[in-house]
Amino acid sequence: MKITKPALAAAALALVAAACGSDADESAETDAPEADQSADEADDAGDGAGDGEATETDDEASGGECDPLPTVTEGQLTVATGETVFPPWMGAGEDDFDDPTTGTGYEGALVFALAEQLGFEADAVTFVRTGFDEVIAPGSKDWDFNIQQYTITAERDEVVDFSDGYYSARQAIIGAADSPAATATSVAELRELRIGAAIGTTSLTYAEDVIAPSSDVLVFDDNAAAKAAFDAGQVDAIVFDVPTAYFITAVEITDASIIGVLPEGGEAEELGMLFEDGNPLVGCVNDALAALEADGTLDALEQEWLSQGGDIPTLAEG
Amino acid sequence: MNDAPTSPTIDDSIAPRGAVESIGRRGWHQQEGVRAGAIATVSTVVFFGLAIFLIVNSPNWPRVRNQFFSPSDFRDAWPAVLGGFWVNVRLFFQAMALIPLAALVIAVMRSLRGPAFFPLRLLSIIYTDVFRGIPLILLILLIGFGIPALDIAGLPNDAAFWGLIALTLSYSAYTAEIYRSGIDAAPESQRAAARSLGLTQFQTLRYALLPQAIRNVVPALMNTVVSLQKDVALIAVLGVVRDATREAQIITTRTFNYTPYLAATVLFLAVSIPLTRYVDFYVARDRARRSQSQV
């Protein structure tokens, strides 16, 4: 069994490579002997062989593997994002709601800036929409990276790969003007209220760990479900990251307003792009991201899309 | 009807021809039994062995194992998922109290004869058509989000309550049809006889038809119970009801690990398998009792 495992992996590698087209055939021929070698080594190494291969590709990535870029479709950057993207992240222009291709919004603009940095023309960038489970389920992916405000955590990093962070968001809480939450000045005053947050977000972790309300936190699948619960009076206050809170209160739950920015606590929300585990492209994207940060592009994009006017109070801790 | 002792009878008829031959035959039968057992064992081992071999040697198995069968994630998720499972159990029992009653009313309405009861029959037909026709998940979404949003004074706005109502509407429509099939299966002469004795329509149903009908449809009803026990999990789509599935989903979206779903699966199986076995046992016992009483 120990011998067949790497052999199967080699066969699978060759198949994948063959499926990629004529250019990839050469790399399949060069890859296969490598895999055979590691199969011999694997007799002793056992399960460690898989990990060894992964680090090998990682090392290659940082060592000039970015030319040509190891993208799923050669010459194309295939970017995955969520079904319904919303401002201020993507589609934040005049008439382009839910349209990631216009390059508006912070993440939308970032994708095109990264693409340029990586050497792609704007028309070489294609978008695909993904559901949550197809993103995290094991198996080959038909996109290069996925960008939709994924928070980087150590647990998640075990199953997927993340780029470096491209934004760190604070949490805010929204509620109706006449709700008991509206007058809250500290986190402690929120504890007796019915608090909600969206599933899979840092906002939910924050609500459960930092606010720790006396009743269960209400968990919504998306903004629409949060709005439904809010309209039905099932929830007093909802936690969102600050940029999303501005969008939600301005466009979707217009009866609510931002009560305050929440004090830092729990995990810091660093947003990162998500890659299939072991994807060698991570290093290339990180290099491009670092370049954008160094030349001030990242700051400029943040100023353009994520800076909001107005004075929102920060709630006191405890 | 009396076909149980068939094979001994044949054996007995053969026996007088030669006792030795009969013993030889018995030995042969025993040998055959051993041989069949051995073949069954070997083929089972080979089949499952091959299946496991294929799974364990698939290229992505190490990742699948970590993401679906991680003992540490299972342990971490267990308390939350178990806590959520009590919500499922509570909803299950509440639904079990409501559904048979609602279904009985619908079935009786549909079984009433005579032009005066036409509106009731029509109502019952519309009810079963509509609520059987809507996928349960849509019904839960529509009722669970729609009715609380109306903000009608006096009505609860708890999502779990409306999820329960949605389950009851759908399941009572199916259950009403099961009752009706039982009522229709009672011979028409029974109804005629009861009516000719001077019983009213309701009395005919209550004393002559329903007792037979319900007894006849118990196996079908039990099957519905097993199905309901699992479908309670659909309430999770409302999001705000934190049942076992939802708790598992919440942890999965945080950690990107599917093992919490396995914890929920184990809990549902722990209830549904004994329930299914009991239904089988009950149906078998019921059949045995009936065939006896018919002799």
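Helix 7 of chain A (residues 202-211) is largely enclosed by the rest of the structure, because seven of its 10 residues are buried. A residue is called buried if 20 or more other C-beta atoms, placed from the backbone, lie within 10 Å of its own. Helices are DSSP runs of H or I with at least four residues, numbered from the N terminus. The model is predicted: local features need pLDDT of at least 70 and side-chain atom pairs count only at pLDDT 80 or more, whereas totals for chains, interfaces and linings use all residues. Residues are numbered from 1 along each chain as its sequence is written, and chains are lettered from A in the order in which they are written.

The buried residues of helix 7 of chain A are A:T202, A:S203, A:L204, A:T205, A:Y206, A:A207 and A:I211. This helix is followed by A:A212, which has a positive phi near 45 degrees.

In chain B, the domain assignment, which is automatic or from a database, gives domain 1 (6-57) and domain 2 (73-294). The C-alpha centres of these two domains of chain B are 43 Å apart.

The axes of helix 4 (residues 71-111) and helix 9 (residues 201-231) of chain B, as lines fitted to C-alpha atoms over the stretch in contact, come within 11 Å and cross at roughly 140 degrees. The contact (C-beta atoms within 7 Å) involves B:F92, B:A95, B:M96, B:V108 and B:S111 of helix 4 and B:L205, B:V225, B:L228 and B:Q229 of helix 9.

Methods. Buried ≥ 20, exposed ≤ 12 C-beta atoms within 10 Å, placed from the backbone. Helix = DSSP H or I, 4+ residues; strand = E, 2+ residues; numbered from the N terminus. Axes fitted to C-alpha atoms, helices over the stretch in contact; angles between N-to-C directions. Contact = placed C-beta atoms within 7 Å.
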